[in-house]
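Biologist: Could you take a close look at one part of this model with me? I am new to reading structures, so please go step by step.

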Amino acid sequence: MSTPMTAASGYPARYWHFIEDGRIQCDLCPRDCKLHEGQRGACFVRQRVGAQMFLTTYGRSSGFCIDPIEKKPLNHFYPGSSVLSFGTAGCNLACKFCQNWDISKSRDMDRLMDQASPAAIADAAEQHGCKSVAFTYNDPVVFAEYAMDVADACHARGIKTVAVTAGYMHDQPRRDFYAKMDAANVDLKAFTEDFYFKLTGSQLQPVLDTLVYLRHHTDVWFEITTLLIPGKNDSDEELTAMGQWIMRALGPDVPLHFTAFHPDYKMEDLPATPPATLTRARDIALRAGLRYVYTGNVYDLVGGTTSCPSCHAPLIVRDWHQIIQYRLTPQGHCPDCGAQLAGRFETFNSQFGRRRIPIAINMRRGG
Ligand code: SF4
C-alpha cells in the first residue's frame with residue numbers, strides 16, 4: 001500500500017512523465033504543470049526533486065475535526081452520522097472567492113502540525129464512532145496518494161470515505177481515486193467556461209467530465225454544491241442551463257446544494273448572497289426536474305428538507321445541520337407511499353447533531 005517517505009522530499013508521487021525538453025509534466029490535473037528541477041506545481045505541494053515528483057504533504061494535516069455528515073454537505077449519505085474530517089494544504093484551483101483560503105493557499109508547511117499515518121486516521125475514526133472519513137478543507141486531488149492510502153486503511157476497518165472536491169482531475173487518476181471513495185461532494189462552481197477561467201483559473205469541462213464519470217461509471221454516491229456569488233453565477237439563464245444539464249446528463253436524483261457566499265479572500269468587495277437568491281436558484285432547479293435541491297449557509301427550513309419524490313411528504317427536516325424530523329425506513333423508503341429515495345441509508349437511531357469536535361490523532365502509528 002505505502003511507498004516509504006524519503007526524509008528530504010516527501011512521498012514519491014504518481015501521475016507524471018518526462019517531456020522532450022527534460023521537464024517533468026504532472027498528469028494529475030488539467031493544469032499540466034511542467035517542472036524544472038526543484039520547482040513546485042501550481043498547487044505548491046507537488047514538487048520535482050531530481051528525476052522524480054514528490055507529494056510534500058503526505059501524512060501531514062492542518063487538523064482533524066468530527067462533523068455531522070450534513071456539513072460536507074451530504075444530505076443523502078447516512079444522514080445524521082458523524083464524519084472525521086481533515087485536509088492538508090494547497091489547491092489546484094485559484095478561486096478568487098475561496099472560503100478556505102488560509103488552508104488552500106497556504107505556503108507555510110508549518111501549518112501542517114498534525115502528522116498522522118493512514119492507519120492512525122482510520123483507528124481514530126473507529127474509536128470515535130465515525131461512519132466515514134472525509135478528505136476536505138482543501139481539495140484532496142492534490143494529496144491524492146495520501147487520501148487513497150487513508151481510504152484503504154478505512155475500508156479495512158469498515159469506515160466509509162468521502163471526497164469534498166472541485167472534481168478537477170485527469171482521467172486515469174480520476175479512475176484510481178474514485179475506486180477508493182464511497183461518496184463525494186463535487187463543486188460545480190458555475191456553468192460557464194468564462195467564470196471558471198476568470199475566477200478559478202481552471203476549466204468547466206473537466207468538472208462536467210468528473211460528474212458524468214461518477215454517475216455512469218461508478219457506485220460512488222455524490223451530491224453537487226454551487227456557491228452562488230452575486231452577479232457572477234446567479235442569473236436565471238445560467239441556473240436554468242445548469243439545472244437542465246444536470247437533468248440531461250446525470251438524471252433527477254443527484255442532490256444539488258446552493259450555498260451562500262460570504263465576502264472573502266480576493267472578493268471582499270461583493271455582498272453576501274441574499275437568501276432570496278438561494279430560494280430563486282432552488283426553484284429554478286426544481287422546475288428543471290431535479291428532485292432534491294437544497295439551500296445552505298442560511299436559515300431555511302424548506303430548503304433544508306428532504307421530501308418524498310412521489311407523494312412530497314417531508315421526510316427529513318433539518319435546522320442547519322441538525323435533523324429535527326426523520327421518517328425514512330432503514331432502506332430509505334417513504335413510510336407513506338413506499339417510494340425509494342436516492343442515497344445511502346440505514347437504521348436511524350440517533351444523530352451526531354450540529355457539533356464540531358476538534359480531535360488529536362495518535363501520531364506516527366505505522367501503516
Ligand atoms: S496537481 Fe498540482 S502539480 Fe499537478 S498539474 Fe495540478 S496544480 Fe500542477
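How many bridges join strand 8 to strand 20, and do the two run parallel or antiparallel?

Modeller: Happy to! Keep in mind that this is a predicted model. Strand 8 and strand 20 (residues 357-359) are joined by three bridges, and the two run antiparallel. To find one of these spots on your screen, look for F64, whose bridge partner in strand 20 is I359.

Strand 8, which covers residues 64-68, is also joined to strand 9 (residues 82-86), here by five bridges and again in the antiparallel sense. For this pairing, go to P68: its bridge partner in strand 9 is S82. As background, strands of a sheet pair through backbone hydrogen bonds, either parallel or antiparallel.

Now let us compare this with another sheet.

The loop between strand 3 (24-26) and strand 4 (34-35) holds C33. Is C33 buried or exposed? C33 counts as buried because it has 21 C-beta neighbours inside 10 Å, and the cut-off for buried is 20 or more. Apart from neighbours within four places in sequence, C33 is in contact with C26, G41 and A42. Finally, R23 lies ten residues from C33 in sequence, and their C-alpha atoms are 9.6 Å apart in space.

Methods
Residues are numbered from 1 along each chain as its sequence is written. This is a predicted model: local features need pLDDT of at least 70, side-chain atom pairs count only at pLDDT 80 or more; totals for chains, interfaces and linings use all residues. Helices (H or I, at least four residues) and strands (E, at least two) are DSSP runs, numbered from the N terminus. A residue is buried if 20 or more other C-beta atoms lie within 10 Å of its own, exposed if 12 or fewer, and partly exposed in between; C-beta atoms are placed from the backbone. Two residues are in contact if their C-beta atoms, placed from the backbone, lie within 7 Å. Two strands pair if DSSP finds at least two bridges between them.
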